Amino acid sequence: MEGAYNRVLNARQAFPHETYLYFMDLLAKTVRDEIAGCSEKAFDFLTVADAKKILMFSSDQELLKYAAEEHPDWEIQKGILYFQKVKELAPCKEIPSLQMINQTLGYARELERIV
């Protein structure tokens, strides 16, 4: 993926045949879901105007409908879209770094013995 999501969403307007419309809608939804997932990880909040621009919706109502249907854990208050609740729900995992270091060193020693 090159990250040019706007090209995918803009291609929906210039589809070659009506049969492509169904697939373009699925692709556009997938792209929006990907952008939304990245946005909620990257930001604590966005203004509704910025979220509408990032997700390429033409109206606030489309954004609000999308948020209500696809991301009910988002909160919208006074024109600001809050993702903080999503971050609080995500489990924080600890990486057992000391154990990994010891294991890697053990592998290195074993590999050295073999060679």
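Are Tyr22 and Phe23 buried or exposed? Both Tyr22 and Phe23 are exposed. Keep in mind that this is a predicted model.

**Helix H2**
- Helix H2 runs over residues 20-42, which makes 23 residues.
- From first to last C-alpha, H2 reaches 33 Å, close to the 33 Å expected at 1.5 Å a residue.
- The buried residues of H2 include Met24, Ala28, Val31, Arg32, Ile35, Ala36, Ser39 and Glu40.
- An α-helix has 3.6 residues a turn, so residues three or four places apart point the same way.
- Tyr22 also has its place in H2, and Tyr22 counts as exposed because its relative accessible area is 53%, over the 50% cut-off.
- Together with Phe23 and Leu26, Tyr22 makes a nonpolar surface patch of about 350 Å².

**Aromatic rings**
- The structure holds 5 aromatic pairs.
- In one of them, Tyr22 and Phe23 have ring centres 5.3 Å apart and planes at 75°, so this pair is edge-to-face.
- Trp74 and Phe83 also form an edge-to-face pair, with 5.0 Å from centre to centre and 80° between the planes.
- Trp74 and Phe83 are both buried.
- One aromatic cluster is formed by Phe57, Tyr66, Trp74 and Phe83.

**Around Val48**
- Val48 lies in helix H3, residues 48-54.
- Val48 counts as buried because its relative accessible area is 10%, under the 20% cut-off.
- Leaving aside residues up to four places away in sequence, Val48 touches Asp60, Leu63, Ile76, Gly79 and Ile80.
- Val48 and Lys78 are 30 residues apart along the chain, and their C-alpha atoms are separated by 9.1 Å.

Terms used
Residues numbered from 1 in each chain as written. Predicted model: local features only at pLDDT ≥ 70, side-chain atom pairs only at ≥ 80, totals over all residues. Heavy atoms only, no water. Helix = DSSP H or I, 4+ residues; strand = E, 2+ residues; numbered from the N terminus. Expected span 1.5 Å × (residues − 1). Buried < 20%, exposed > 50% of the residue type's maximum accessible area, 1.4 Å probe, protein only. Contact = heavy atoms within 4.5 Å. Patch = residues over 30% accessible without salt bridge, like charges linked within 9 Å, V, L, I, M, F, W, Y side chains within 5 Å. Areas by Shrake-Rupley, 256 points an atom, 1.4 Å probe, with all protein chains shown as cover. Salt bridge = Lys/Arg side-chain N within 4 Å of Asp/Glu carboxyl O. Phe/Tyr/Trp six-rings, centres within 6.5 Å; stacked < 30°, edge-to-face > 60°.
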